[in-house]
Amino acid sequence: MTTEDIMAVALEMGGFTRPPEDSAIFVEGRNIRRVLFGVDVGAGELHAAKQLGFDLVIAHHPAGVYIDEWKVLLRHVEFMTAAGVPEDVARAAVADRVEATKLRGQISNVDQTPSVARLLGLPFMNIHAPLDEVGRLRMRAEVDRVLAHDHPRVADVVDALATFPEMRRAATTVQLLHGDPARPVRNVLIGHGALTNGGYPVAKACFAHGVDTVVYIHIDYGELQRLRAEGRGNLIVTGHLAGDSLGFTPFIAELRKRGLEVTTFSGVIEPDR
Ligand SMILES: [Fe+2]
Ligand SMILES: [Fe+2]
């Protein structure tokens, strides 16, 4: 397989027609057989991969903040409007984070890690939103199954998410960080697959417009404190590596099915290994 073929597999699984702005092939490769796949990859990891004879390194997280990766944050607007939040409210809820990410894109040295891959002559790419979307869809299906039951409660959503093998294998636990486990749930937004979590503004906009429960894979403490101060809604977090790994499992299985030898490291939770 080529690096392009591998990107195409991820795009198709995540329902993308082209690579989003947080995913890229930095050093192309062909006849790939041995792949090293990890959440975070820097220069040291690339050196190790070269020494160990891998043909390709795939990182999940972007190698720096790419100039246009703020566009991926706008996926939060799609998720919010699908859950019933008015579009102007949804856009306003991501505006600050969009601005901050645009600035980070100006600051970041996005060539640092890719330049090491070029020096080593080692194929290197990162796949972010497409794999997160695979994970979001798995969570969505599980939550929809819960919502189809009679009188589902917040605790039922927590339990359902905690049942994923990736969550069970993780060092973290699925937690209700804010809200009440006994409350009924009707409208749950999964805020994952949009570069990063939506923080306080996205959750607040959701709670003001008919969404009772928001699921993130992580949230900063300051943002959580602001949500707690308002007292509205329920917020569940899955844990970062557990939530990210939900999207990795089907992708890695697909690469192995196509004959690639995939070794995982740097935070990937493989439930069956
Ligand atoms: Fe992710
Ligand atoms: Fe992540």
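Glutamate 21 is partly exposed, with a relative accessible area of 22%; partly exposed lies between buried, under 20% relative accessible area, and exposed, over 50% (1.4 Å probe, protein chains only). The model is predicted, so that local features need pLDDT of at least 70 and side-chain atom pairs count only at pLDDT 80 or more, while totals for chains, interfaces and linings use all residues. Side-chain values use heavy atoms, with hydrogens and water left out, and residues are numbered from 1 along each chain as its sequence is written.

Glutamate 21 forms a salt bridge with arginine 18, and the closest N and O atoms are 3.6 Å apart. A salt bridge is a side-chain nitrogen of Lys or Arg within 4 Å of a carboxyl oxygen of Asp or Glu. Arginine 18 is also partly exposed, at 48% relative accessible area. In general, side chains of opposite charge can pair when their charged atoms come close.

The structure holds 15 salt bridges. One of them joins lysine 71 to aspartate 68, with 3.9 Å between the closest N and O atoms. Lysine 71 is partly exposed at 32% relative accessibility, and aspartate 68 is partly exposed at 31%.

A further salt bridge pairs glutamate 270 with arginine 256, the closest N and O atoms lying 2.8 Å apart. This pair links distant parts of the chain, 14 residues apart: glutamate 270 is in the segment after β9 (261–265), and arginine 256 is in helix α11 (residues 240–257). Helices (H or I, at least four residues) and strands (E, at least two) are DSSP runs numbered from the N terminus. Glutamate 270 is buried, at 13% relative accessible area, whereas arginine 256 is partly exposed, at 23%.

Terms used
Chains lettered and ligands numbered in written order.
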